[in-house]
Amino acid sequence: FRHKDAGLWCCLVVPVLLCSQGPLMSQLLVIASLLVYMWTFHTNWQADLTTVAIIVLYICGRVGYLVYNSFTVGEESITLSHILALCLYVTLLIKVPNQFPASFTFGEVAMTCQLYTVAWYMCVQAGQHFQAVEDHIRLGMVAFCGVHVFVAIVLLSRQLGLSPLAVWGILIVCGLTTAIITLHFLVNLTQLQVWMFSRTSVVMLAWWATLTVSSILVVALMGNVPSATTTTSDRDQLTKHIGQFDKLPDTSGQQIEASEYKEISKSISCKNSKVAVPSHTRNNVEVHKHSWRDTMSIQAHVSTVTRKYFHLMLLLVFIPGLMYTPRLLYVASALATGVIFIMEFIRYMLLPPMGELLHSYLSVFVDTQDKGQIILTPLYLILGCSLPLWCLPNTGNAHVSLFSGLLSIGVGDSAASIVGRKFGVHKWPDSSKTLEGTAASVVFQLLAVIGLVYTGVTHSHLSLPLLLTIICNAVLESCTQQIDNLVVPVFTFMTLTSL
């Protein structure tokens, strides 16, 4: 895991959010999280075996009671689906950190796997009542499943040794087939045209296209900063194997020659194949144990304030969408999340011809918390803003909880970062965040809520619980060691839905 702070509290946020939907799933997720946590960090519990035995017996008894109670009231099929979801969650919770070392804390991977498991569970539940599901939700389900098909095709093609041209040919054919099946069999074209191609929707699509082009231009202008001492192939070769390291100390600013990259990569390959590694090579590996992000430290990195440009873009996308075309925004956010995930997958797999290009352009936009092999903060950013809409797809713009991600990350985090860097003097204990930045986050979020209330965008009203929620998410953003783009929006959404 990325650092010692496990973030165990993150395991409770999604289950609490699910309590109103179904207590069984929420309780099972908490129980599974505790079991895997105890198994993962078992060395911390060895001193008190009695405590461990009591906790394990309680957890097993609780699971048995929940399952027995569900069967006695005639909900066998629902119970079985819960058990399958639980097995998926436990498997992911164990496998994902091993596959992507230093990319998560325990709390982050637990929250991510919980959201993923719940997404699959909801898709299965919706599939059982497909005729009653609205078209925009169906399109979101197609986007969710389409990402899995894309990943499966790429991985299978790699196993079969297919050429990149053949892989892209298969992907294009599958994409066109999916589009045809979706439009002819899964949605009502007449109703789709009414809300997707109305005058308001067309204007909104043009607005979003403009923002998308501007974001691409920012990445193109600021992202491609080539290395002065290494070639792309050298960096990519090291990137493929750098996951062997668990602890990744910072070596920012060091100049590393291309020959050293080749030597380090060669030594890691030798380690994988159990070939003896020369002692001087092992010493170099020890010296240069750093993540792929630090490996790219000879590239220029954009400032934190510059990265907040994308927070602004999301505000400009989501606020008009929630006001005028929430169903279209539902579909667009699902597609955008899928596209960002696919882009990161292409970059991670270095899939020609786009993999190397994306790797070169996106490396300078990584956050300081992206310590592992994968870039997660952009995906967390759009996920945090989209999650409330996905969870409440039929509420329109009535409740302030739909703006949870926009308030906490789009407004609060951006204000805290900019004000804190410009005027911050007093720092939080054991943190680089400042009290001035936190105060700015609270003030700007309050101003945003006042604007939403008095313009009629939301039917909610100002209250003491809402103020306390804003203060809590601002303090959490300043003090947490978890990735704030993920945990802060989900925490805010959990809190606001209970108001």
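Pro101 counts as buried in this predicted model, at 12% relative accessibility, where buried means under 20% relative accessible area, exposed over 50% and partly exposed in between (1.4 Å probe, protein chains only). Pro101 is located in the loop between α4 (76–99) and α5 (106–128); helices here (H or I, at least four residues) are DSSP runs numbered from the N terminus, as are strands (E, at least two). Residues are numbered from 1 along each chain as its sequence is written, and side-chain values use heavy atoms, with hydrogens and water left out.

The loop between α4 and α5 also contains Ala102. Phi of Ala102 is near 65°, a positive value in a residue other than glycine. Ala102 is buried, with a relative accessible area of 6%. A positive phi, of about 55°, is also found at Leu350, which is not a glycine. Leu350 belongs to the loop between α15 and α16 and, at 18% relative accessibility, counts as buried. Pro353 is placed in the loop between α15 and α16 (355–362), and a cis peptide bond with omega of about -5° joins Pro352 and Pro353.

Helix α5 contains Glu108, a buried residue with a relative accessible area of 0%. The side chain of Glu108 reaches the backbone nitrogen of Ile483 at 2.6 Å. Such a polar contact is a pair of N or O atoms within 3.5 Å; within protein, one must be able to donate a hydrogen and the other to accept it, and residues adjacent in sequence count only if both atoms are side-chain atoms.

Two salt bridges are present in the structure, each defined as a side-chain nitrogen of Lys or Arg within 4 Å of a carboxyl oxygen of Asp or Glu. In one of them, Arg347 is joined to Glu344, with the closest N and O atoms 2.7 Å apart. Arg347 and Glu344 are 3 residues apart in helix α15 (residues 326–349) and are therefore separated by about one helical turn. Arg347 is buried, at a relative accessible area of 1%, and Glu344 likewise counts as buried, at 13% relative accessibility. A salt bridge is also formed by the side chains of Lys433 and Glu477 (3.0 Å, N to O). This pair links distant parts of the chain, 44 residues apart, with Lys433 in the loop between α18 (404–423) and α19 and Glu477 in helix α20 (residues 464–479). Lys433 counts as partly exposed at 27% relative accessibility, whereas Glu477 is buried at a relative accessible area of 5%.

The structure contains 6 aromatic pairs. Rings of Phe, Tyr and Trp (its six-membered ring) pair if their centres lie within 6.5 Å, and planes under 30 degrees apart count as stacked, over 60 as edge-to-face and the rest as tilted. The ring centres of Phe150 and Trp168 are 6.4 Å apart and the planes stand at 65°, so the pair is edge-to-face. Because Phe150 lies in helix α6 (residues 135–160) and Trp168 in helix α7 (residues 164–186), the pair ties together parts that are 18 residues apart in sequence. Phe150 counts as buried, at 11% relative accessibility. The rings of Tyr309 and Phe310, with centres 5.5 Å apart and planes at 80°, are likewise edge-to-face. Tyr309 is partly exposed, with a relative accessible area of 23%. Ring pairs also link Tyr116, Trp120 and Phe144 into a cluster.

A nonpolar surface patch of about 590 Å² is made by Val443, Phe444, Leu447, Ile450, Tyr454 and Leu462. Patches are made of residues with over 30% relative accessible area and no salt bridge, like charges being joined within 9 Å and nonpolar side chains (Val, Leu, Ile, Met, Phe, Trp, Tyr) within 5 Å.

Key
Predicted model: local features only at pLDDT ≥ 70, side-chain atom pairs only at ≥ 80, totals over all residues. Areas by Shrake-Rupley, 256 points an atom, 1.4 Å probe, with all protein chains shown as cover.
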